[in-house]
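Subject: Structure handover

Hello,

Please find the structure below, followed by notes on what was found in it.

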Amino acid sequence: MTATTTPYDQLRGPTTVRRLISAPTAGPLAALVLACLFFSLTTEQFLSGGNFSLIVQQVMVVGTLAIGQTLIILTAGIDLSCGAVMAFGSIVIARTAADGTLSPLAAIALGLVVCGGFGLLNGLLVQMIPLPPFIVTLGMLNVAFALTHIYSAEQTVTDLPAPLTALGETFPLGGTDITYGSLVTIALFLAFAYALSSTSWGRHVYALGNSPESARLNGIRTSRLTIGIYTLAGLVYGVAALLLVSRTGVGDPQAGQTDNLDSITAVVLGGTSLFGGRGAVLGTFIGVLIVGVFRNGLQLMGVASIYQTLITGILVILAVTVDQISRKKAR
Amino acid sequence: MPRNNRVLTTSVRVAACTAAATLALAACGSGAQGGSDGGRVKVGLITKTDTNPFFVKMKEGAEQAAKESGLELVSAAGKFDGDNAGQVTAIENMVNSGVKGILITPNDSKAIVPALEKARAKGVLVIALDSPTDPQDATDALYATDNVKAGELIGQYAKAAMAGRKAQIATLDLAPGVAVGVQRHEGFLKGFGVPETDPSIVCSQDTGGDQAKGQTAMENCLQKAPGINVVYTINEPAALGAYTALKAKGLEKKVLVVSVDGGCTGTKAVKEGKIAATSQQYPLKMASLGVKAVADFAEDGKKASGYTDTGVTLITDRAQTGVDAEDTAYGLENCWG
């Protein structure tokens, strides 16, 4: 079947490390290392454990969103609603817990269910009607955005109970300050990297992205698989919602407005093809770090924010160009 | 607007434009049903967005004033900060529905001018609220905060509070080229008595007025210059983000954070000591003055003109000698949002 043409299936039984450095992750990894080298040489403060742990803290929310985004892009879909769904989830968690309607744990569970529900709805519309993912998630972006503002009555929720902010707390580790949330993000990345590369579910996801028709003919229940992927992505956005609340310590109805595009940026920078079936979730982690490293490093250099945006834009175009060229070679 | 000037990126904008036009149409459509003849005099309010507490409060002020003056309020808003097309559509629809006057907080001070000129050519009184147009005389009148003064007040306050100690300043700004952000920043430096290029300014970063981005910016600034002891912030969400970052480093008691806006959440943060002082502005007053001007125009045909400063007050519970201020009790009574 088509899936056998993916780089992963060509490498039979390789270790995770070998997978990480194999295409399409090698390019992004090289870019990340080069960027780190550059900033280490140009600024005094960049090269320190404290600074690296800070970068991970700063990217954990978008990074978690980008996990869900990777799953959907691997099926040749796209999710424009992820930031708005997360924002709605975070307001649900913050409000229900802050006003005492629910216990903190129940509020978190409700947030996960709500975000998962949005994912399920996206999946059903994409699969059952069917509608292009771009359109479905564009609509859902507006629905979630509006619900966030209606439900929050435009008010930021403050005075959150401690369990909601626990993941934003830090613990010292060899001169660095690690947040518990960063560990959650890293654990999710590892779990999805394993699931995608070493389980039959993972192979089915790649097969679906390469060609839904041949995947179906090969006995994969593509309809159920697609709906499952969107739902799973929604649940991951729910985790991102909790991380957002814990990092900022408030429920902010204005949060996450550009996070959908930031997550797509991370996926693309990480070498995952927008055409589906090709890429890796660990690449996305590298993509997220590239953005975080550039933002942090340029700021340490004293470069204005607008140049950070400029450089990120150029990097995205470069990444897609590399993807296209390597696709042509692969044929 | 200064408070939450989040810049949406292009592809979202494309989507948002469509929605904004729909919203604007819907808002004006419902207003038009009142009929342009024989009904009450209509006044239009067009805000930058309808999701920002500042504009929510402004709309409330306008509704209240319209009720008192026996006017009918029709309102519309851009979908996101910077949505000029949505505001132009709203102006056109309002003029068609026969409004006597339009109150607008322009998303784009220059791009909105031609649409406003067309409205004025049809005899509609146009008043800018909160932000001027460029040129300012593209509207009949302007009711707004003096943003330079708002910055100056917190600059003077910070200078006094530092009591001669050597300052290391971080400025958490809005976005490149947005007038309110630039004016407040310059006002702060003027009040603090340092030039833009002064070595005591050790870190400057744009936040878009966003709490999460304010936090990230402050974290990076502390990485760059751990000795920062004064933080100027464009608005209170950015200030609260900075506070979170400072608290994580155990610096929240050692660093002076000052801000502008006077929203209720922000004023509460001043009371709690998270922010040392803030300059409070008054959106409700802008709106009510605007509505009254339209009511007067409908009655005697006399158009309002010029700039009216709607005032700004320094709010703090740790007043410094030589700097006029009110306490947070006053601030909470007059806050918005």
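In chain B, strand β8 (residues 230-233), helix α8 (residues 236-248) and strand β9 (residues 256-261) form a right-handed β-α-β unit. Right-handed here means that, with the strands pointing away from the viewer, the path from the first strand over the helix to the second runs clockwise. Helices (H or I, at least four residues) and strands (E, at least two) are DSSP runs, numbered from the N terminus.

This is a predicted model, in which local features need pLDDT of at least 70 and side-chain atom pairs count only at pLDDT 80 or more, while totals for chains, interfaces and linings use all residues. Residues are numbered from 1 along each chain as its sequence is written, chains are lettered from A and ligands numbered from 1 in the order in which they are written, and side-chain values use heavy atoms, with hydrogens and water left out.

β8(B) pairs with β9(B) in the parallel sense over 3 bridges (pairing requires at least two DSSP bridges between two strands). Val231(B) has Val257(B) as its bridge partner in β9(B). Strand β6 (residues 169-173) of chain B also runs parallel to β8(B), joined by 4 bridges, and Ile169(B) is partnered with Val230(B).

In a regular strand the side chains alternate between the two faces of the sheet. In β8(B), Val230(B) and Tyr232(B) point one way, Val231(B) and Thr233(B) the other, and all are buried (under 20% relative accessible area; exposed is over 50%, partly exposed in between; 1.4 Å probe, protein chains only).

In chain A, Thr96(A) lies in helix α5 (residues 82-98) and is buried, at 6% relative accessible area.

Regards
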